[in-house]
Amino acid sequence: MKVSLTRYLVEQQRAKGNIPPQLRLLIEVVARSCKSISRAVNQGALGGVLGSAGSENVQGEVQKKLDIIANEELIQANEWGGHLAAMASEEMDDIHVVPNRYPQGEYLLLFDPLDGSSNIDVNVSIGTIFSVLKKTTPASDVTTQDFLQAGRQQVAAGYCVYGPQTTLVLTVGDGVCMFTLDKEEGAFFLTQENVQIPTETQEFAINMSNMRHWDAPVKRYVNECLAGTEGVRGKNFNMRWIASMVADVHRILMRGGIFMYPWDKREPNKPGKLRLMYEANPMSWLVEQAGGASSNGQQAILDIQPKGLHERVSVILGSKSEVDRVTQYHLNTHHS
Ligand code: AHG
Ligand code: MN
Ligand code: MN
């Protein structure tokens, strides 16, 4: 029997009381948006969705047409339902407060509408990442300050990967489950529950072209992987780098591995490339919920107190023993 996303969410709430109706509505609306983004992605050149939009986002990155299409889709789909107070996105400088004409709910939604933008035009997997927080000051007007909560405070998080299959991956803090889109029926169905990342791995993911810019602990870890059976690790490692965090993290959830986008010397004043609130936090929670670990080299990413909506962070996540090793290399360096 196929279990639809709706049925899964209803039955979870009945059994565990962890997905109240407004949160269920939120997750279903996000899933519906992902369905529609998936359709746009699949149309590609036929839908006129490829290429650059000719504008820049707050991080100074050139926006692709699909970055904007996906952002618009998520905003429009989510603002009228009464479940949200406000939204924040990679593609918007400031928060988007739910307009007065609609009722305001208590949830806050953050997203990277289109992750892996450099892969859109070359037909490689891309995705959408989302994180849900709860407004802690129900009486007052919503501000950016309401969003600045550590990743541990998330009440739901997930991503949708647009690849050979369109797969929605979700956690509400009770493990990780996956839903595959049946494109003919137009609905997501449960395809995997209780996802567990293997603790041991022989696969690493990092953009090797930045090696000369890395810090010593990251160089040490990768060099030890490269040394294979002749080095201290005593085993060979394989490497993958898709350049869509969604697709790299999806592989790690499915078969283990470690993903790193560490701080590097190209932009020494930035903690890293990836964004804490709508990339690193949701992915870190999924990875921890699947038995893995996530760190910035000093502490668990989920424990970081954010200072800004678009704050960046160094990311090391995946199989626990490997992440612990890299973190240990960092701690050793800083204490000596
Ligand atoms: P986005 O497309 O949302 O800006 O994110 C791209 C990110 C991430 O998905 C990926 O891991 C990384 O950028 C790839 O960066 P490089 O091109 O530097 O390898
Ligand atoms: Mn991204
Ligand atoms: Mn993006």
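What spacing do the donors of the manganese ion (ligand 2) follow along the chain? The spacing is D-x2-D-x163-E. The model described here is predicted.

Three residues coordinate the manganese ion (ligand 2): Asp112 and Asp115 through OD, and Glu279 through OE, at 1.9 to 2.1 Å.

Aspartate 112 bridges the manganese ion (ligand 2) and the manganese ion (ligand 3), and the two ions lie 3.7 Å apart.

| Residue | Relative accessible area | Class |
|---|---|---|
| Glutamate 90 | 4% | buried |
| Aspartate 112 | 0% | buried |
| Aspartate 115 | 5% | buried |
| Glutamate 279 | 2% | buried |

Aspartate 112, the bridging residue, counts as buried because its relative accessible area is 0%, and buried means under 20%. By that cut-off, glutamate 279 is also buried, at 2%.

**Asparagine 71**

Asparagine 71 is placed in helix 3 (residues 65–78). Its relative accessibility is 6%, so asparagine 71 counts as buried. Leaving aside residues up to four places away in sequence, asparagine 71 touches Ser89, Glu91, Met92, Phe111 and Pro113.

**Domains and their interface**

How is the protein chain divided by the domain assignment? The assignment gives domain 1 (5–192) and domain 2 (203–332). Taken over C-alpha atoms, the centres of domain 1 and domain 2 are separated by 24 Å. To the contact, domain 1 contributes 52 residues and domain 2 contributes 33 residues.

The size of an interface is often given as the accessible area lost when the parts come together. Between them, domain 1 and domain 2 bury about 3,100 Å², of which 62% is on carbon and sulfur atoms. Of the area that domain 1 buries against domain 2, 21% is supplied by Leu148, Arg152 and Tyr159, more than by any other three residues.

Polar and charged pairs also occur across this interface. There are four salt bridges between domain 1 and domain 2. Separately, 21 residue pairs are in polar contact across the interface of domain 1 and domain 2, both residues being at pLDDT 80 or more. On the side of domain 1 that touches domain 2, the elements giving two or more residues are strand 3, strand 5, strand 6 (126–134), helix 4 (144–147), strand 7 (156–162), strand 8 (166–171) and strand 9 (176–182). Strand 6 gives the most to this side, with seven residues.

Arginine 152, one of the three residues named above for buried area, forms a salt bridge with glutamate 288, and the closest N and O atoms of this pair are 2.8 Å apart.

Technical notes
Residues are numbered from 1 along each chain as its sequence is written. Chains are lettered from A and ligands numbered from 1 in the order in which they are written. This is a predicted model: local features need pLDDT of at least 70, side-chain atom pairs count only at pLDDT 80 or more; totals for chains, interfaces and linings use all residues. Side-chain values use heavy atoms; hydrogens and water are left out. Buried means under 20% relative accessible area, exposed over 50%, partly exposed in between (1.4 Å probe, protein chains only). Donors are N, O and S atoms within 2.8 Å of the metal (3.2 Å for Na, K and Ca); water is not among the atoms, so sites may look incomplete. Domain bounds come from an automatic or database domain assignment. Contact means heavy atoms within 4.5 Å. Buried area is the accessible area (1.4 Å probe) that two parts lose on being put together, summed over both. A salt bridge is a side-chain nitrogen of Lys or Arg within 4 Å of a carboxyl oxygen of Asp or Glu. A polar contact is a pair of N or O atoms within 3.5 Å; within protein, one must be able to donate a hydrogen and the other to accept it, and residues adjacent in sequence count only if both atoms are side-chain atoms. Helices (H or I, at least four residues) and strands (E, at least two) are DSSP runs, numbered from the N terminus.
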